[in-house]
Amino acid sequence: MMVRDMNYRRENRVSRTSLFDGLEEGRLRASSYSHDITERDNDEALENLQDRVSFLKRVTGDIHEEVENHNRLLDKVGNKMDSARGIMSGTINRFKLVFEKKSNRRSCKLIAYFVLLFLIIYYLIRLLNYTKG
């Protein structure tokens, strides 16, 4: 147990000294070389950041144009839906007028019977032609 504690202290001391290797009597060693590298790195990072900002500006402009196009399309669709709704309500009102009167209702039933009779005769003729051929 004592040996493990001593090893831990030794490893801890080594890691602490490696942390403070760059310190010299309370001050960092500063050379003109490291200062130049830092300035160059900062300039490169600034240029990279400017490129990214300009790219984001172009992307947001493209998104804005796309949103405007979609809004115009939605407005057109909305207007067409409103006009279709008006046409449908007019048609429904006409049907209501037709079915309000009993004589009109009887004539509609008569027309429906004729259409049904026509379809039955049509399919019977087709069935007869199919069995002959």
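## Surface contacts in a helical model

Arg 85 is exposed, its relative accessible area being 53%; exposed denotes over 50%, buried under 20% and partly exposed the range in between, with a 1.4 Å probe and protein chains only. The model is predicted: local features require pLDDT of at least 70, side-chain atom pairs count only at pLDDT 80 or more, and totals for chains, interfaces and linings use all residues. Residues are numbered from 1 along each chain as its sequence is written, and side-chain values rest on heavy atoms, without hydrogens and water.

Arg 85 forms a salt bridge with Asp 82, with 3.0 Å between the closest N and O atoms. The criterion is a side-chain nitrogen of Lys or Arg within 4 Å of a carboxyl oxygen of Asp or Glu, and the count by this rule is one. Asp 82 and Arg 85 lie about one helical turn apart because three residues separate them in helix α2 (residues 32-100). Asp 82 is partly exposed, at 45% relative accessible area.

The protein contains three helices and two strands, in the order α-β-β-α-α from the N terminus. These elements are DSSP runs (helices H or I, at least four residues; strands E, at least two). Of its 133 residues, 0% count as buried. The accessible surface is about 13,300 Å², and carbon and sulfur atoms account for 61% of that surface; areas follow the Shrake-Rupley method with a 1.4 Å probe.

Helix α3 spans residues 102-132 and includes Phe 118. An unreviewed UniProt entry places a "transmembrane region" at residues 110-128, an annotation that may be inferred rather than shown by experiment. That segment is 100% helix and 0% strand, with its end C-alpha atoms 27 Å apart.

Ile 111, Val 115, Phe 118, Leu 119, Tyr 122 and Tyr 123 make a nonpolar surface patch of about 640 Å². Such patches join nonpolar side chains within 5 Å, from residues with over 30% relative accessible area and no salt bridge.

Two aromatic pairs are counted. Phe 118 and Tyr 122 are stacked, at 6.5 Å centre to centre and 20° between planes. These two residues are four apart in helix α3, so about one helical turn separates them. Tyr 122 and Tyr 123 form an edge-to-face pair, with centres 5.5 Å apart and planes at 70°. Pairing requires centres within 6.5 Å; planes under 30 degrees apart are stacked, over 60 edge-to-face and the rest tilted. Phe 118, Tyr 122 and Tyr 123 form one aromatic cluster.

| Residue | Relative accessible area | Class |
|---|---|---|
| Phe 118 | 56% | exposed |
| Tyr 122 | 40% | partly exposed |
| Tyr 123 | 51% | exposed |

Methods:
Patch = residues over 30% accessible without salt bridge, like charges linked within 9 Å, V, L, I, M, F, W, Y side chains within 5 Å. Phe/Tyr/Trp six-rings, centres within 6.5 Å; stacked < 30°, edge-to-face > 60°.
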